[in-house]
Amino acid sequence: MKKENKTLIIIFFILVCLILIFSPGLRNITGKFLVSSKAVYEKASVSISVFDDIPPKVIIYYPLNNTYNYKNNIYLYYSASDQGSGIDQIWYNLDNGINISLTGNTTFNVTDEGSHTLYIFANDSFGVLNNTESITLFINTSTGDEVVLDYGGTTTNFDSLNKTEQETISNMTLEYINYGKILFNEIINITDDGKDVGSNPRKVINLSAYTDISFNRILINTTELPQLNKSATLRLYNLSFTNPRILRNGLLCPSAICTKISYAGGALVFNATSFSEYSAEETPVVPGGGGGGGTGAVVKKKVSSFRVDKNLIKIMLKQGETKKEFLEIENTGETELDISINLKDLKEFIIFPGGVSEYSFKLKPGEKQTVQLIFNIDKDQEPDVYSGRIVIKGDDLQTFVTTIIEVESEKPIFDIEVELLKEFKEIAPGEELFAEIMLYNPKGTGLIDVEVDYNIMDIGGKVIAKEHETVAVETKTSFVKDFTIPDSTKAGKYIFYAKVTYNGLVGSSSFLFDIVEKPHVEMPIQIEKYFYVLYIIAAIIAFFSILMFYQYWQLRKLSRSVRKVTAEDIIKAKNKIQGR
Amino acid sequence: MNKIIWEIIVDVIILVLTLVVIWFAFGIQQRLSGRLATAGIWCILAMMVFSIHNVVILLESSGIASIQHLERITHTTFIVFLVISSWNILKSIREVNGEAISDHKIRIRKSY
């Protein structure tokens, strides 16, 4: 074999080896070493150094790369972890300004409107720094409040409205193209329906949570969105009735409130003077009696229904304390109802006047009755949170009043307050819940370690997540805790309960929140990345570059003895062949 | 083996063959002078651009980068370079073959 060919083969094998070495699949090679040794007389000392070269992991949860319409008290939620040597320091700066140390979630202010970049840095005990985490937020105080909604069609584009425009929206429309539409006939000031998010000046108008346009149903929760309790033209699409009639809260809508405009092609159009839940049903028809076989007469169906003024009772009692609560029950139907109230699992804590645990009475249509509930906590009752449902039955109808009873020690030394950041009021399984915890020691008896327990439980008392920690408090401290809701958690109402214990004395606080179904997100098809192709390309190009260089080098050597072929040479060769 | 892997394999083979062509073209070009050498240089440049084009396609099919605009640029440049190279060869052959100049035909005899 020629010398050059041998060289080429060697180069080729070197390149193949390089490809294999750098191939990602072959990077993690594990092996076992068997070491055997004989005992020796001399002592030996062995020192092992473990070096952590992986930077800490930092995640910025909030703020996001979004526009915000406020400059002060912007929440900063983050997490930092290091699996090697542990976190040493965390700090942040705004627009490469002054570095500020971080010990937990905090708030920050920006001075100017416009774009700002927030950088978070973390280093571990080996000094390995993560300096790659940043977000860019945009401050524009004239931007309107955030409107959360999931409607389409001719729905008003709230994103394009500034704060002033949000205060005077004419022809405000919400539409779900398959199911229905609301067109408000009055000017709407939607900013008044905004809810504060934590202690931020930011407001969120959650139309998605408090309105519903679904098949044969239009609902606006006017308790949460009072500004939308205005007259409007409503449309219910794709109905299959022959002659529909309008229902308000399941009952026939009075003509003073609802005016039917038209019904054609499955679309029912009607005006309503105020809001509640609207739907439609077929107008009942019975065959006409007697001779002549008439077209039939409309028979008014008697409807049974009742209303309870509360659906949640949350009460805090100390050991040995007694408190009263009242429930007002109104018969909103057209028939007399036998109402019965059952305390179920709460018999231990609640009684009716007279000491009974079940109470019944009759209610005529339009009548109201106020029922007194006596919450009585025994002196020996363990401080904790107790929850359950009061069941109210009226003939075939049934409703519940969710009841949460927080029991504290008679004289707790420490007080605790918990607040759910409203932005996270509805959480899907797998997401994080952020709660602001405030601990107070009114007596201020120096720095004291207190035990704090956190529990997330359903209304039935089943705990889905819990945590315990020791916190040092002097007079007052506040911090934000985050909890991950387990993926398997079912949708429903849940209680976040925190209690502070010191010397056996317990102070507690809780809040109720909703866990909602995990939104189905259509994930884009994940394109698999074959990074090893890069190595292959590099290797091929390198291989051919070497070949070319080798060839060039060979030609340079040849050029000393051989001259290059020109067009004249070809002419000469041609003439020679032609015998000229 | 999935479709993407097949695409990658085919693209790699094309890349290798393109580089082989460059290698040969370089060898030929180095042995020529005058207009023929110029034609060779343009041919090599065209093949180099074509190999870049192949690399772009490979990056695309392996999901590493999506640079479709570059794909069009390389494709166009390759054709332009190839046209220049062919034009140089044509000119050179016209110099060699007087007949070709008179009747505007290129005739290359097998005996050559």
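Predicted model: local features only at pLDDT ≥ 70, side-chain atom pairs only at ≥ 80, totals over all residues.
In chain A, the loop between α2 (163–167) and β10 (173–176) holds Asn171(A). Helices (H or I, at least four residues) and strands (E, at least two) are DSSP runs, numbered from the N terminus. Asn171(A) is not a glycine, yet its phi is positive, at about 55°. With a relative accessible area of 54%, Asn171(A) is exposed; here exposed means over 50% relative accessible area, buried under 20%, and partly exposed in between (1.4 Å probe, protein chains only). Asn216(A), not a glycine either, also has a positive phi of about 55°. Asn216(A) sits in the loop between β14 (211–214) and β15 of chain A, and with a relative accessible area of 15% it is buried.

Residues are numbered from 1 along each chain as its sequence is written, chains are lettered from A and ligands numbered from 1 in the order in which they are written, and side-chain values use heavy atoms, with hydrogens and water left out.

Elsewhere in chain A, Tyr70(A) lies in the loop between β2 (67–68) and β3 (74–81) and is buried, at 3% relative accessibility. Tyr70(A) and Thr143(A) are 73 residues apart in sequence, and their C-alpha atoms are 9.1 Å apart in space.

The structure holds one disulfide over all chains, a disulfide being a pair of cysteine sulfur atoms within 2.5 Å. It is formed by Cys253(A) and Cys258(A), with their sulfur atoms 1.8 Å apart. This link is right-handed, with 80° about the S-S bond. Both ends are buried: Cys253(A) has a relative accessible area of 11%, and Cys258(A) has 7% relative accessibility.

Over all chains the count comes to 12 salt bridges, each a side-chain nitrogen of Lys or Arg within 4 Å of a carboxyl oxygen of Asp or Glu. One of them joins Glu325(A) and Lys310(A), at 3.6 Å from N to O. Glu325(A) lies in strand β24 (residues 322–331) and Lys310(A) in the loop between β22 (306–308) and β23 (312–318) of chain A, so the pair ties together parts that are 15 residues apart in sequence. Glu325(A) is partly exposed at 21% relative accessibility, and Lys310(A) is partly exposed at 25%. Another salt bridge is formed by Asp338(A) and Lys362(A), whose closest N and O atoms are 2.5 Å apart. This pair links distant parts of the chain, with Asp338(A) in strand β25 (residues 337–342) and Lys362(A) in strand β27 (residues 358–363), 24 residues apart. Lys493(A) and Asp514(A) also meet through their side chains in a salt bridge, at 2.9 Å from N to O. Here strand β37 (residues 492–502) carries Lys493(A) and strand β38 (residues 505–515) carries Asp514(A), 21 residues apart. Salt bridges that share partners also join Asp212(A), Arg217(A) and Glu277(A) into one network.

Chain B is built from four helices and zero strands, running α-α-α-α from the N terminus on. Of its 112 residues, 38% are buried. Among contacts in chain B with a separation of 6 or more, 62% are between residues 24 or more positions apart. Its accessible surface comes to about 6500 Å², and carbon and sulfur atoms account for 70% of that; accessible areas come from the Shrake-Rupley method with a 1.4 Å probe, and for residues only the protein chains shown count as cover.

Helix α3 (residues 68–96) of chain B is the place of Ser85(B), which is buried with a relative accessible area of 3%. Leaving aside neighbours within four places in sequence, Ser85(B) is in contact with Ala39(B), Trp42(B) and Cys43(B). Cys43(B) is partly exposed, with a relative accessible area of 24%.

Definitions and conventions: Contact = heavy atoms within 4.5 Å.
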